[in-house]
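Hi there,

Here is the structure I promised to pass on to you. Have a look at it first, and then read my notes below.

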Amino acid sequence: MRVPTASQYSLFERDPCSWCRLFFTRVGMTSLSPSGLLQIVGNSSCWKAWEDPSFIKWRKREAHVPLRSHDTIEGSLKYWCDRNNVNYSDAEKAVWNDDAVSAALESAASWVKGLPFVQSLSGYWRFFLASSPSSVPSNFYENAFDDSNWDSLPVPSNWQMHGFDRPIYTNVTYPFPMNPPFVPSENPTGCYRKHFRLPKEWKGRRILLHFEAVDSAYFAWVNGVLVGYSEDSRLPAEFEITEYCHQLGSDKENILAVQVMRWSNGSYLEDQDHWWLSGIHRDVILLSKPQVFITDYFFKANLSEDFRVADLEVEVELDAPKENAGDVSCVAIEALLYESTTLSDKLASEINSVPPSVVDMKIKPEPPGAYGFPGHWLEGKLENPKLWSSEQPNLYTLVIVLKDSAGNVIECESCQVGIRKVALAHKQMLVNGLPVVIRGVNRHEHHPRVGKTNIEACMIKDLVLMKQSNINAVRNSHYPQHPRWYELCDIFGVYVIDEANIETHGFFNTRKFKHPAEEPNWASAMLDRGIGMVERDKNHVSIIVWSLGNEASYGPNHSAMAGWIRGRDSTRILHYEGGGSRTSSTDLVCPMYMRVWDIVKIAKDPSENRPLILCEYSHAMGNSNGNIDEYWDAIDNTFGLQGGFIWDWVDQGLLKDFNGTKHWAYGGDFGDEPNDLNFCLNGIIWPDRTPHPAVHEVKYVYQPLKVVLLQDGIQIKNSQFFDTTKAFEFSWILQGDGNLIGSGLLDVPIIAPQKDYVIKFESSPWNTLWKQCEANEIYLTIITKLKHSTRWVKEGHVFASTQLSLPANNSSISHVIEMPKISSVAKEYVGDSIIFSKKDAWEIKINTKTGTIDNWKANGKTLLTEKGIFPCFYRALTDNDKGGESNSYASKWKSASIDANISTHLEEFSVKDLSDHSFQISTRFLAKSSDSILMTIEAKYTIYESGDVILEYNVNPKDDLPPLPRVGIVFHAVKEFNRVSWYGRGPFECYPDRKSSAHVGVYEKNVKDMHVPYIVPSESSGRADVRWVGLRNENGYGLFGSIYAGSPPMQMSASYYGLEELDRATHNHELIEGDDIEVHLDHKHMGIGGDDSWSPCVHDKYLIPPVPYSFSIRMCPILPSSSCHEIFKSQLPS
């Protein structure tokens, strides 16, 4: 080791930290002894490794693919047979409560099953949380240290999910004062200790210590010796510990100690929009390898132009002990390829024998340009390969065999591989020569109970739900995910964008610091993250795109990473949104949250040759995802648009105890500061993977079987790229006014990919029924189901469903209700009320001071509470309503005094007898809030002897108001009328700009079941395009409401939670059920939006401008024998 000069000693006396940095610069990180680094680590006044972006690892082995090390080919093949034996039934084992703690440990242990040379260290470790690195217990890593007073913590886990420290959620802002590369001195530091023994069968072999991922920076010791340091919270670190372990056969236990810092310089590169959680959150394993072993390999397949021949190549790298590192001539390498689909049957039938491979690859000469590579190349050829795609995820098992000079197997490494080709064409990304459409979603690793820790059944649950929802692609946002996730994506058939663990969003808020993308001292850290991702995941066929990270600006460091990846892997393309699509580091135009008209404009730009795939769109925050059908109308019909990834998959709520019961929490609920509140709740499913109503819309717009109405028939188009319709059963349903007219199977020939089939009306099985139907509305529904079970769903699954409106014959004539010759309606003035009644039938009380119906009784039952029937113009705010700060809809409504406090003030009131059987009350109101007049309302109530009431409204808003939330009425039904039936869209929640998937029909639900439990309450539970609605009690008595006199279908909701209560509560569990049912019947309801959640983004056609509106609603009591549809069809005498 070079001796420091006098001037360097002088520097040390003035600034020991500077001396340490100089030491690493001159001497080199890898040259430092464990004891030397340990002295520096222990000196709190000295240089801190975790605050130096140029010091990102020490003694860490080079990045490589996951290693497994079998000693026989049979062992490798059986391992992958077992590994591939997963399907939808495994998803049912997913747990989301406290049981997940043990499930995570069981899952980690199961991943090493069938691996004789891998030992899992998952389980309970001794744990102590220090407030900072300087306050960790002295010499806690020594074997003699007494940890009996420490706590136990499961590994893998995040310590915040087990009562230590607290979770922090931020979107952009760093959770500590920004001063890169430095982090706070108060830096929670986890100290771990684990005892382990090595199997005697491992004698004479080398031992590797492998951490799948640790957040955020850590040192590791074995038997008191510092063995390594690493950063990057989402990639593995591996250290050789052979010489530090006790000899096999010794009675001594080995002790592994780990010191994990919550914050490090690496945290500046990990500012993703998710929870900040710390600790050893992925598996820790011990891996035993022979003295000379396979340390890395890269499988590539080059397909011929007709895709009938695959030229295969495997690049293999060996590792040998230092003393003979350059001499591996005594070993031989073979590479064998097996068909995974038939492997299980062959292994079962050929006990103790190896089934034949489909390709035996041979060593080939070193290719040009491979100077300095310490490895070997093998090559082979496969004719008529079974190609991999999302639709047909065909896999092969690759086994690489290392043999000694006598031909004995030293070890085998293996993995699943696929054969496919990703390429670019004019405005297209091609997979196997075809421009597949990306029906994608962004996915964070998230579990509500164990945080960032992974459970296999939960990963399978995600993939099963995705496939069942017609999702075919996932973007790993925004970091490499658990290795098993990629294996499952290969198996289930999901296209993957693999993304480097780089996001520096917080730098966007300051000009004080230069961005890491432009700083040379951050270059190695950024490049290392890209390299580590590619080297670990390069053999996964599901990965079709590499991503350089997310929201990390753009600079030379990105260019360097892009260059390295392109040089390393030419079989995939590059993605990076940061810096805009014009940079040289992206092969795709991949904007986020770009409006639909803008993406169409780019696609039609003749100067743009790349395809456009939205890396993020349709922000699913709360009640959202409006307008998504417009994106897909553009994508399906515009060359150059190739899909996108919804933001995002799952609400990132964490389980928290609230006064003795556990509910989902978000930013700030743990006392975390700073925080970004509920901006972590952007999923289309809840944390327990229950789908939001929006999933129906996603499934519909993503369905690859399209049905289109033609003038003389229907067209069924198979938009898949590789699969025919052989696996599907088609059926049809014909409905008239919500009633079933006929149904049956549909005889459809097998439709080839990208082809269609037309069914003429005249030859269709529903034609005669349709022509004879006298209904006012006729709907034809075409349903596509799977004939047989697949890996991801049972047989009978509805793959696609489309409802078409057929022209009606208009032969239906509404009957007019006859009134008795002698009227028996009484009218009585009592104080401030007028009471209209029919003996033993009904009674309606009108308040002359408020001008509304105060009370309504029928058949001995009170139908409405005394809150009245009033116009309503406000809604409980959605997250999208709040987005945009001062420009948000919520801010504009507040400025205009449009809120829950809008009240109506009666200006005029009169009563008129229209006939012996009907009476009309005419009123004029002023709608006010905070003494501001918002609009005038003219309302007429016509009361008929039949018990019917026609409500007619003319609404005239001030023309300087912002778009209105709604225009309709609200009333409160007595709580016993909790069975809601309606004729309109359903059965699930839908809104004017999110209703394509909701078929028109007659549905029934309990009021309780209509509630949609968004974690943050808001406007919800609505049903669109409702013609009529009935509210009944358990005996069938109740109240009917419908559109009338040419008014268009309405938006309807019925809830135990009133508008003000939904606005008040900040969590669903805080909602207090009311004493009645609040019912809204809206003539107009503003769209919910969803292009993003931080700007007013409801499309113009779904806004409600401040212009005059007129509408009519019919209401009447109903009996058990009443047919709501017959009432709807009837007319009242004019």
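In helix α4, Trp80, Arg83 and Asn84 touch Arg484, Glu487 and Ile491 of helix α9 (contact means heavy atoms within 4.5 Å; helices are DSSP runs of H or I, at least four residues, numbered from the N terminus). By class, this contact of α4 with α9 has two nonpolar, one polar and three charged residues (Ala, Val, Leu, Ile, Met, Phe, Trp, Tyr, Cys and Pro count as nonpolar, Asp, Glu, Lys and Arg as charged, and the others, Gly among them, as polar).

Please keep in mind that this is a predicted model, where local features need pLDDT of at least 70, side-chain atom pairs count only at pLDDT 80 or more, and totals for chains, interfaces and linings use all residues. Residues are numbered from 1 along each chain as its sequence is written, and side-chain values use heavy atoms, with hydrogens and water left out.

**Two domains side by side**

The domain assignment includes domain 3 (422-701) and domain 4 (703-806); such bounds come from an automatic or database assignment. Their centres, taken over C-alpha atoms, are 33 Å apart. Domain 3 brings 18 residues to the contact and domain 4 brings 14 residues.

How many salt bridges does the rule find across the interface of domain 3 and domain 4? There is one (a side-chain nitrogen of Lys or Arg within 4 Å of a carboxyl oxygen of Asp or Glu).

Enjoy exploring!

Key
Helix = DSSP H or I, 4+ residues; strand = E, 2+ residues; numbered from the N terminus.
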